[in-house]
Every structure is written in structure tokens, then in C-alpha cells.
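Good morning, colleagues. Please look at the sequence and the model on the screen while I speak.

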Amino acid sequence: MEIRIFQWLVPALALSFLMSHLLRYYRGRIDLRETVSGILLWLGVSALAIFPDAISNAFAQVLGFKSNTNAILFLAVSLLFYFQYRLYHIQVRQRRQLTQLTRALALQEFLEKEKS
Amino acid sequence: MSDELLLTVILPAYNEAKVIGGVIDEIQSTLPCRIVVVDDGSSDNTIEYVREKGVMVIRHLLNRGAGASCMTGISLARENNWQQVAFLDADGQHVATDLLVLQACMKETEADLVIGSRFMHAENRIPRIRRIFNAMANILTNTFCKHHYSDTQSGFRLLNRRAIEAIDLYQDDFSYCSEMIIQAEQADLKISECPIFVRYTEYSMSKGQDFQVGVMTAFHFLWKLIFK
């Protein structure tokens with residue numbers, strides 16, 4: 001079997017990310033859920049890089065796509081939508097926190113002025 | 001009248017230096033009240049004009065939007081145990097004498113929240129584009145309400161102590177108008193509407209919502225309802 005560059009490059013990169021995830025977990029920077037989801041993601045990416053045809057064909061068969069390319073495109077677009085949703089959710093949360101902080105500072109300043 | 005019972009008029013303001021002085025003068029000459037300006041991180045000299053008038057100012061260090069300013073006003077009212085709070089737009093489109101109309105309506109209907117409706121006043125000449133935006137916003141908001149409201153986007157409102165305690169706005173932008181009505185209904189508050197007069201000037205038309213802001217407002221409103 002011919003081994004193409006991405007078949008060792010992607011798993012090597014994935015392995016480094018995986019190790020970094022484990023290290024961050026042991027240092028207490030991320031929780032177990034984050035660690036497990038990170039490990040699963042990088043294992044999945046590695047598996048797809050090592051066995052691209054087998055996995056994409058199996059995926060296409062399960063979802064009923066005629067070609068594995070369509071299945072990969074579908075997967076990629078779905079993931080993009082998911083990450084877009086996650087990013088927007090994070091943005092909303094941060095906006096909220098910024099507003100709460102701004103309000104707390106405004107009220108504090110106002111009440112201090114009223115007292116003095 | 002005790003200090004807590006005095007009506008508090010809250011003016012959320014963002015870059016309103018041109019008109020805020022006139023708005024404050026008009027309110028002061030209409031009725032005895034406490035005026036609080038929520039300066040929403042203005043980059044012009046709004047705050048200096050307001051301080052010259054000797055009214056209370058609470059200042060956001062950053063611009064957070066009309067909804068965020070409104071909620072800051074409500075938080076301040078809670079903190080100070082103020083019993084009645086009115087919100088007016090600081091761009092001069094509202095007429096201060098309508099405060100008396102809202103107060104009379106609250107008394108008469110025993111409402112907790114009174115909304116000043118631009119569309120109930122026959123003499124108002126509302127620009128067509130504003131009518132269209134408001135009609136769309138009304139349809140969207142009324143879909144999630146038990147009752148029907150003629151002006152869900154009006155910034156002219158009067159809240160009593162029950163409403164001040166019950167309403168906790170999440171939306172920072174103009175969608176707070178719809179959110180306030182929905183929250184009031186959920187808290188079983190009584191809501192009334194009464195006609196108000198509005199002045200649409202070139203200045204006031206340059207403020208408020210346009211199409212892009214309207215679309216984003218609707219998006220934020222729906223997002224919050226779906227993913228709360």
C-alpha cells in the first residue's frame with residue numbers, strides 16, 4: 001500500500017495536539033469533557049487520514065451518498081455550521097458578560113458619587 | 001410627595017449632545033420628576049451637556065446598546081427603591097406632556113407597564129419606512145405574546161414597582177422592546193397601551209433602527225427565544 005504524505009503528516013500533527021490536550025488536562029487547565037472530546041476529535045482526524053477511502057466510502061454508504069467526495073463535503077459543511085453555532089454562542093456569552101461588567105461599573109460609580 | 005414616590009424619567013442616550021439639553025428642559029417644564037440620563041458610552045460631549053443641566057447621570061464606559069442602557073436604568077431604580085420609572089428616547093421624538101397621559105393611563109387601567117403607542121394617535125405622521133419596520137416587528141413580537149400590541153417597539157414606557165422588580169432584560173440592542181413585553185406577560189403583569197404623539201425630524205430619523213439593524217435585532221430576539 002502506497003503511503004501518501006498526508007497519511008503520516010496529519011496523524012503526526014494530531015498526535016501532537018492530542019498530547020497537548022492530555023498535558024493541559026493534567027495541569028488542570030481543561031476539564032475531563034473537553035479532554036475527551038479533544039482526544040476523540042484528533043483520533044477521528046487521524047483515522048480519516050490513515051484510511052481515507054475506507055472511512056469516506058463507509059460514511060457515504062451509511063448516509064446514502066453516491067460518492068465519498070459528497071459525503072466528505074457534507075461532513076465538512078456540517079462541521080462548519082456546528083463551529084459557527086459554537087462561536088456565535090461564545091460571542092453572545094461574552095457580550096453578556098461585557099454588558100454586566102459595564103453596568104456594574106456604572107452603578108458603582110453612580111452610587112459612590114451619590115454618597116460623596 | 002416622598003422622594004421614592006416621585007416619578008423617575010430615564011433617558012438612555014448615545015451621542016445625543018445636539019438635542020439632549022432640549023429634551024431635559026422640556027421634561028423639567030412639564031412635571032416635577034427626577035431625571036436620570038444613562039449615557040451609553042457616548043463619544044461626543046453628551047455627558048457635559050447633561051451635567052450642565054444638573055440632572056443625574058449614570059455612565060457606561062462602553063457603548064452597549066439601548067437595551068443595556070434601559071436595564072441599567074431599571075437596576076438603578078431597584079437599588080434606590082424608586083416606585084415609578086418612565087423611559088423616553090433622548091433624540092427628542094417624544095413629547096414630555098405625554099408622560100402625564102401615561103401616568104393617567106396607569107392609574108386608570110391599574111397597569112404595571114404602560115406603552116406609549118405611536119400608532120394609536122391619529123395625528124402622527126410616521127414615515128412609511130418606519131411603519132413597515134414597525135409592522136414587521138409587531139408581527140414578530142405579537143406571535144410570542146398572549147395579547148396584541150399596536151406598538152411593540154415604542155421606547156416610551158412607564159413601569160411601576162412590580163414591573164421594575166419583574167423585568168430583567170437580556171437583550172442589549174433594540175430587541176429589548178419586545179423582550180420587555182414578553183417578560184411582563186410571563187410575570188403576569190398588566191400591560192396597557194395609550195396614544196402618544198411623536199415628532200419625526202431629520203435628526204430622529206437618523207437615529208434608531210434601519211434595515212440592517214432591524215434584521216440583526218430580529219435575529220438576536222429569535223436566537224434568545226430559541227436557545228435561552
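This is a predicted model: local features need pLDDT of at least 70, side-chain atom pairs count only at pLDDT 80 or more; totals for chains, interfaces and linings use all residues.

In chain B, seven strands make up an open sheet with mixed pairing. Read across the sheet, their order is S3-S2-S1-S4-S6-S5-S7. The edges are held by strand S3, residues 56-60, and strand S7, residues 191-195, each of which has a single partner strand, so one side of each lacks a neighbour in the sheet. From one strand to the next the twist averages 20°.

Strand S2 of chain B, residues 34-40, runs parallel to S3(B), and five bridges join the two. Within this pairing, Asp39(B) is found opposite Arg59(B) of S3(B).

Two helices of chain B deserve mention here. Helix H2, residues 46-53, packs on the sheet and touches S1, S2 and S3 of chain B; the direction of H2 makes about 160° with that of S3(B). Helix H3, residues 66-80, also packs on the sheet, where it touches S1, S2, S3, S4 and S6 of chain B. The direction of H3 makes about 140° with that of S2(B).

I now turn to the interface. Chain A contributes 18 residues to the contact and chain B contributes 23. Between them the chains bury about 2,000 Å², of which 63% is on carbon and sulfur atoms. Which residues of chain A lose the most area to chain B? They are Tyr88(A), Arg103(A) and Phe110(A), which together account for 29% of what the chain A side buries.

As for polar features, the interface has seven residue pairs in polar contact, both residues being at pLDDT 80 or more. By class, the chain A side that touches chain B consists of nine nonpolar, three polar and six charged residues.

How many salt bridges are found across the interface of chain A and chain B? There is one, whereas the count over all chains comes to seven.

Thank you for your attention.

Note on methods
Residues are numbered from 1 along each chain as its sequence is written. Chains are lettered from A and ligands numbered from 1 in the order in which they are written. Side-chain values use heavy atoms; hydrogens and water are left out. Two strands pair if DSSP finds at least two bridges between them. Helices (H or I, at least four residues) and strands (E, at least two) are DSSP runs, numbered from the N terminus. Axes are lines fitted to C-alpha atoms, for helices over the stretch in contact, and angles run from 0 to 180 degrees between N-to-C directions. Contact means heavy atoms within 4.5 Å. Buried area is the accessible area (1.4 Å probe) that two parts lose on being put together, summed over both. A salt bridge is a side-chain nitrogen of Lys or Arg within 4 Å of a carboxyl oxygen of Asp or Glu. A polar contact is a pair of N or O atoms within 3.5 Å; within protein, one must be able to donate a hydrogen and the other to accept it, and residues adjacent in sequence count only if both atoms are side-chain atoms. Ala, Val, Leu, Ile, Met, Phe, Trp, Tyr, Cys and Pro count as nonpolar, Asp, Glu, Lys and Arg as charged, and the others, Gly among them, as polar.
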